[in-house]
Amino acid sequence: MKTSGEIGPFCVVSYGTPESQVTYKGKTYYVCCSSCRKEFLATPEKYIKEYEEMLAKLKKERGEKKP
């Protein structure tokens, strides 16, 4: 359950609305469809890096906007 101010979850590939989970190296990620699941499993490190960069950017933007 999300709490106020929490970001995500998003699909790790398309950043869309998550529909299912996929686990990689013991960590759970979310995907929106079977195509995104296949893409993620083909190159997980690529998508994890991009996803974490996107989340860091969103958190930074939110932090800068707070009074």
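Me: Which elements have the lowest and highest mean pLDDT here?
Reply: Among the elements of the chain, helix H2 (residues 44-65) is lowest, with a mean of 87. Helix H1 (residues 34-42) is highest, at 96. This is a predicted model.

Me: And what does the chain average?
Reply: The average pLDDT is 85. Of the residues, 82% score at least 70.

Me: OK, layout. What pattern does the chain follow?
Reply: Along the sequence it runs β-β-α-α. That is two helices and two strands.

Me: How much of the chain is buried?
Reply: 24% of the 67 residues count as buried. The accessible surface of the chain is about 5000 Å², and carbon and sulfur atoms hold 53% of that.

Me: Now the largest nonpolar core. Which residues touch the most other members?
Reply: Val 12, Val 13, Tyr 29, Val 31 and Phe 40. The core has 13 residues.

Me: Which elements supply it?
Reply: Strand S2 (27-31), H1 and H2 each give at least two residues. H2 gives the most, with five.

Me: Back to Tyr 29. What is it in contact with?
Reply: Beyond its neighbours within four places in sequence, Tyr 29 contacts Val 12, Ser 20, Gln 21, Val 22, Tyr 24, Phe 40, Ile 48 and Glu 52. Tyr 29 also forms one aromatic cluster with Tyr 24 and Phe 40.

Me: How many aromatic pairs are there in the whole structure?
Reply: Three. In one of them, the rings of Tyr 15 and Tyr 51 have centres 6.3 Å apart and planes at 25 degrees, so that pair is stacked.

Me: Where do Tyr 15 and Tyr 51 lie?
Reply: Tyr 15 is in the segment before S1 and Tyr 51 is in helix H2, so the pair ties together parts 36 residues apart in sequence.

Me: Tyr 51, buried or exposed?
Reply: Tyr 51 is buried, at 10% relative accessible area. Tyr 15 is partly exposed, at 32%.

Me: And what geometry do Tyr 24 and Phe 40 have?
Reply: Edge-to-face, 6.2 Å centre to centre with 85 degrees between the planes. Tyr 24 sits in strand S1 and Phe 40 in helix H1, so this pair links parts 16 residues apart in sequence. Phe 40 is buried, with a relative accessible area of 0%.

Me: Last one, Glu 19. Why does it count as exposed?
Reply: Because its relative accessibility is 61%, and exposed means over 50%.

Me: What does Glu 19 touch?
Reply: Val 31 and Cys 32, leaving out residues up to four places away in sequence. Its C-alpha is 6.7 Å from that of Cys 33, 14 residues apart along the chain.

Note on methods. Residues numbered from 1 in each chain as written. Predicted model: local features only at pLDDT ≥ 70, side-chain atom pairs only at ≥ 80, totals over all residues. Heavy atoms only, no water. Buried < 20%, exposed > 50% of the residue type's maximum accessible area, 1.4 Å probe, protein only. Contact = heavy atoms within 4.5 Å. pLDDT = per-residue confidence, 0-100. Helix = DSSP H or I, 4+ residues; strand = E, 2+ residues; numbered from the N terminus. Areas by Shrake-Rupley, 256 points an atom, 1.4 Å probe, with all protein chains shown as cover. Core = buried A, V, L, I, M, F, W, Y, C linked by side-chain atoms within 4.5 Å. Phe/Tyr/Trp six-rings, centres within 6.5 Å; stacked < 30°, edge-to-face > 60°.
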